[in-house]
Amino acid sequence: MRHLVLVSLAGVMAVLLLTGCQESQSGQIQRARLVGRENLQLKKQIEAKDAEIAKLKNDLEQLQAAKDKASQQAGDANIKVMRIVLETEKRNTLLQKENEALKAELEQLKGQ
């Protein structure tokens, strides 16, 4: 990106200098100064954009790390919930068997 801007500016300067041969020497100097100022402004803008890109990359990495951590925590929570559900189903099955046994025993006692 920088190289393209610098090459473009160099090309513009060359064209200006070649076409400016017909103008007075002071006009060429003024144009050269103007192009030089524009070049410095563009370099500053490029540096600012590079800094902004670096900051955004850093922010992206932090967000990715937070997302990964949240995914891990959610996975752990799901495993815990599944274990609780499994244990509850086991207890439910045991209680159903105990209930059936008690019903049978009650019927047997009523029959006596």
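**View 1. Accessible surface of the predicted chain.** The chain exposes about 10000 Å², and 60% of this area is supplied by carbon and sulfur atoms (Shrake-Rupley method, 1.4 Å probe). Of its 112 residues, 7% count as buried (under 20% relative accessible area; exposed is over 50%, partly exposed in between). The model is predicted: local features need pLDDT of at least 70 and side-chain atom pairs pLDDT 80 or more, whereas totals for chains use all residues. Residues are numbered from 1 along the chain, and side-chain values use heavy atoms, with hydrogens and water left out.

**View 2. Helix α2, residues 25-111**. The chain has two helices and zero strands (DSSP runs: H or I of at least four residues for helices, E of at least two for strands). Helix α2 has 87 residues and reaches 127 Å from its first C-alpha to its last, close to the expected 129 Å (1.5 Å times one less than the number of residues). The buried residues of α2 are Gly27, Gln28, Val35, Asn39 and Ile46.

**View 3. Salt bridge between aspartate 59 and lysine 55**. The N to O distance is 3.0 Å (a salt bridge requires a side-chain nitrogen of Lys or Arg within 4 Å of a carboxyl oxygen of Asp or Glu). Both residues lie in helix α2, four residues apart. Aspartate 59 is partly exposed at 25% relative accessibility, while lysine 55 is exposed at 51%.

**View 4. Salt bridge between arginine 91 and glutamate 87**. The side chains meet at 3.7 Å, N to O, and about one turn of helix α2 separates the two residues. Arginine 91 is exposed at 54%; glutamate 87 is partly exposed at 38%.

Terms used: Buried means under 20% relative accessible area, exposed over 50%, partly exposed in between (1.4 Å probe, protein chains only).
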